[in-house]
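Here are some notes to read alongside the model. Keep the 3D view open as you go through the points.

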Amino acid sequence: MAISTINKAHANDDGISNPVVCPVCDKTAGMRLFTAVDTSLVAKLSAEDKNVSFAVCPLCHSVFAVAKNYARERANGTTVIMTEGDLLPLERR
């Protein structure tokens with residue numbers, strides 16, 4: 001018998017960032033921001049961070065992890081400005 005609901009991840013659309021230079025294509029664009037939240041029982045019991053923020057370049061479609069400080073301040077309602085340093089390229093495997 002299979003367990004049907006092991007993974008309970010939800011993605012939220014967080015809008016668009018201020019214009020920032022993409023580290024991959026070197027063009028200026030507003031990054032599309034998303035947050036993924038794992039609400040499974042395993043995630044609740046583990047000490048790992050359950051929220052992951054990422055950004056997608058609308059021009060070259062590169063995906064970046066967003067710095068924790070930027071994501072936390074934006075979620076708290078603080079006016080923040082994204083810079084290239086807030087974008088951490090995700091590696092392909």
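Which residue stands opposite Val-56 in β4? The answer is Val-63, and the points below put that pair in its setting.

1. **What you are looking at.** This is a predicted model, in which local features need pLDDT of at least 70 and side-chain atom pairs count only at pLDDT 80 or more, while totals for chains, interfaces and linings use all residues. Residues are numbered from 1 along each chain as its sequence is written, and side-chain values use heavy atoms, with hydrogens and water left out.

2. **Confidence.** The protein chain has a mean pLDDT (the predictor's confidence in each residue, from 0 to 100) of 82, and 76% of its residues reach 70 or more. Go carefully around helix α1 (residues 41-45), where confidence is lowest in the chain, at a mean of 57. Confidence is highest in β4, at 94. Helices (H or I, at least four residues) and strands (E, at least two) are DSSP runs, numbered from the N terminus.

3. **The sheet.** Five strands make an open sheet in the order β1-β2-β3-β4-β5, with antiparallel pairing; two strands pair if DSSP finds at least two bridges between them. β1 and β5 (87-89) are at the edges with a single partner strand each, so one side of each has no neighbour in the sheet. On average, neighbouring strands here are turned by 35° against each other, direction ignored. Axes are lines fitted to C-alpha atoms, for helices over the stretch in contact, and angles run from 0 to 180 degrees between N-to-C directions.

4. **β1 with β2.** Strand β1 (residues 9-21) is joined to β2 by 10 bridges. To find your way along this pair, look for Asp-13, whose bridge partner in β2 is Phe-34, and for Pro-19, which stands opposite Gly-30. The hairpin has six residues between the strands, and Asp-26 takes a positive phi near 60° there.

5. β2 and β3 pair over six bridges, in the antiparallel sense; Val-37 has Asn-51 in β3 as its bridge partner. Three bridges then pair β3 with β4, and Ala-55 has Phe-64 as its partner in β4. β3 and β4 also form a hairpin with six residues between them, and His-61 in the turn has a positive phi of about 65°.

6. **On to β5.** β4 and β5 run antiparallel and are joined by three bridges. Phe-64 turns up again here, with Pro-89 in β5 as its bridge partner.

7. **The helix on the sheet.** α2 lies across β1, β2, β3 and β4 and runs at about 105° to β1. Contact means heavy atoms within 4.5 Å.

8. **The largest pocket.** The largest pocket holds about 300 Å³ of space. Of its 18 lining residues, Thr-35, Val-52, Ser-53, Ala-71 and Arg-72 are the closest to the centre. β2 (28-38), β3 (51-56), β4 (63-66) and α2 (68-75) each give two or more residues to the lining, and α2 gives the most, with six. On a 1 Å grid over the protein atoms alone, a pocket is an open set of points where a 1.4 Å probe fits, with protein on both sides within 12 Å along at least five of seven lines; lining residues have an atom within 4 Å of a point.

Technical notes
Points joined across faces, edges and corners; volume = space filled by probe spheres on them.
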